Amino acid sequence: MDLCWSLALLLSLISFVLSQTQHRRFEYKYSFKGPYLAQKDNLVPFWTYSGNAIASEESVRITPSLRSQKGQIWTKNPTNFEWWEVDVVFRVTGRGRIGADGLAIWFTDKPGVEGPVFGSSDQWNGLGVFFDSFDNDNKRNNPYVMAMVNDGTKVYDHEHDGLSQQLGGCLRDFRNKPFPVRAKIEYYKNVLTLMIHNGMTNNEKDYEICMRAENVYIPPSGYFGITAATGGLADDHDVLKFLVTSLRSPEEMAVMQANAEEEERFRREFQEYQEKTKKARDEYVAQNPDSIRKEAEEEYETGEQRELRQIFQGQGQIHDLIRNLHAKLDEIIGRQERTLGLVSAVHSGMGGQVAPTGQVPPAQVGALPGDTIRRHEVDSILNNQRDIVATARDIKNFVNDIHQKSNQLLTNSQKPQGSVQPVGYDLHVTLNEMKEGLNIVKRDLGTANQRLTSGPAGGCPPVSCVSTGMFITFMVIQVVLLIGYIVYRGSSGDSEGCLVRWFSSRHEHFH
Ligand SMILES: [Ca+2]
Ligand SMILES: [Ca+2]
């Protein structure tokens with residue numbers, strides 16, 4: 001019986017997981033990407049472009065960076081799937097610190113025509129995702145990315161950058177990035193999600209969520225488009241890739257699989273299309289060998305480009321490190337919260353049992369991890385703090401002293417040279433010092449004298465003292481000897497030098 005239940009549970013779990021996984025298919029008829037984006041007739045397969053847009057092999061320049069330009073590119077056919085994901089890779093570049101006006105990605109019931117909303121017509125029916133470069137309402141909140149749904153009645157509030165009309169959005173600087181910026185828009189089961197890759201790294205996974213909204217209703221079938229406009233200020237708006245993936249729920253897939261021929265036909269067509277494109281590309285290269293050379297040249301970089309690349313690589317590494325740190329910090333915070341939860345659980349358990357209010361908890365509780373700091377620890381911390389405060393005060397006094405002295409020195413050095421004042425001051429100080437020194441000597445002598453008179457020996461200590469009579473006798477003998485020696489050396493000359501030498505040697509000896 002138990003086995004039956006677990007099996008049933010497992011099966012329901014599997015069916016739940018399956019119901020959540022969507023079937024994805026790349027829709028090449030609603031996409032474009034390089035190389036060989038625009039073919040030799042300058043047309044983009046399955047797309048039409050107009051206005052100031054220019055298609056090249058690598059990208060579609062929706063507007064060049066010239067004033068008052070408008071460009072559009074729209075799919076030729078409406079979609080035959082309800083849910084989808086669009087991945088748009090683009091660059092907005094301009095020489096100005098501020099750019100204008102911006103770029104819009106559309107999904108509407110019919111293709112737009114040239115108009116006031118980022119190059120397309122107003123009062124559309126469907127979704128618009130705007131990359132608004134210019135701050136019209138001067139709220140310092142641009143470049144801004146936002147999504148707006150319109151049922152064909154609303155007029156876009158250009159003056160306030162559509163702030164009150166948006167479904168959601170985020171502040172992102174998408175201009176002048178080292179790598180292309182990417183936007184991923186997913187519309188699945190009436191949930192709209194917008195993810196932005198800010199173009200600071202070359203890592204395709206660096207998407208961040210910009211907005212998400214539920215209960216979003218737009219036409220089930222429509223046209224994809226991308227338009228742009230410039231104003232008084234201008235940017236290049238270049239789209240490198242526009243990739244559409246259809247998303248089908250397992251129920252829809254079940255219906256589709258019943259019609260397996262349809263799927264097989266799509267697969268065959270896509271294969272043929274890829275082969276045809278490759279052939280056309282090869283032909284083009286055969287006719288224009290210069291294009292290959294140009295690509296090879298682009299592999300070389302100038303010193304400036306290299307420096308920039310290195311800076312961005314370094315920045316990318318820092319970015320990665322910060323992200324790792326962030327993850328670790330989150331982990332630590334998680335652990336801490338778990339620990340705190342455990343501790344509070346233990347605490348509340350103990351509190352209920354042994355620590356009634358108003359009573360000192362027993363010592364046992366002190367051993368628990370949730371215990372607070374104890375009295376003697378508090379005392380020791382307080383004592384330490386007092387010591388630190390006292391030391392700090394000493395240091396402060398010392399510093400004040402030094403400050404005063406240095407001030408004195410400074411005032412002295414600032415006084416004009418040649419005046420009598422500094423000399424007088426020095427003299428004064430020296431005199432004072434001498435006076436003080438003399439005082440110290442006097443005091444020391446006084447103390448020594450006192451000690452001698454009050455000492456237990458009374459007079460001379462018995463060993464090292466010589467009586468006055470003995471000393472005088474010794475001196476007399478020495479003088480006599482000295483005179484005798486001088487008389488003796490007088491005849492041989494140079495008595496003076498010898499006398500000095502002898503005297504100094506005696507002197508040392510005496511000491
Ligand atoms: Ca604007
Ligand atoms: Ca604004």
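A residue counts as buried under 20% relative accessible area, exposed over 50%, and partly exposed in between (1.4 Å probe, protein chains only). By that rule D132 is buried, with a relative accessible area of 3%.

This is a predicted model, in which local features need pLDDT of at least 70 and side-chain atom pairs count only at pLDDT 80 or more, while totals for chains, interfaces and linings use all residues. Residues are numbered from 1 along each chain as its sequence is written, chains are lettered from A and ligands numbered from 1 in the order in which they are written, and side-chain values use heavy atoms, with hydrogens and water left out.

Start with the calcium ion (ligand 1). Its protein donors are D132 (OD), D132 (OD), F134 (O), N136 (OD1) and D161 (OD), at 2.3 to 2.5 Å. Donors here are N, O and S atoms within 2.8 Å of the metal (3.2 Å for Na, K and Ca); water is not among the atoms, so sites may look incomplete. Along the chain, the donors of ligand 1 are spaced D-x1-F-x1-N-x24-D. N136 is partly exposed, at 29% relative accessibility.

Now move to the calcium ion (ligand 2). D135 (OD), D137 (OD), N141 (OD1), N142 (OD1) and D161 (OD) coordinate this ion at 2.1 to 2.3 Å. The spacing of these donors is D-x1-D-x3-N-N-x18-D. D135 is buried at 17% relative accessible area, and N141 is buried at 16%. What links the calcium ion (ligand 1) and the calcium ion (ligand 2)? D161 bridges them, and the ions lie 5.9 Å apart.

Next comes D206. This residue sits in the loop between β15 (191-197) and β16 (208-213); strands are DSSP runs (E, at least two residues) and helices are DSSP runs (H or I, at least four), numbered from the N terminus. D206 is buried, with a relative accessible area of 11%. Its side chain makes polar contacts with the side chains of T201, at 2.5 Å, and R323, at 2.8 Å. A polar contact is a pair of N or O atoms within 3.5 Å; within protein, one must be able to donate a hydrogen and the other to accept it, and residues adjacent in sequence count only if both atoms are side-chain atoms.
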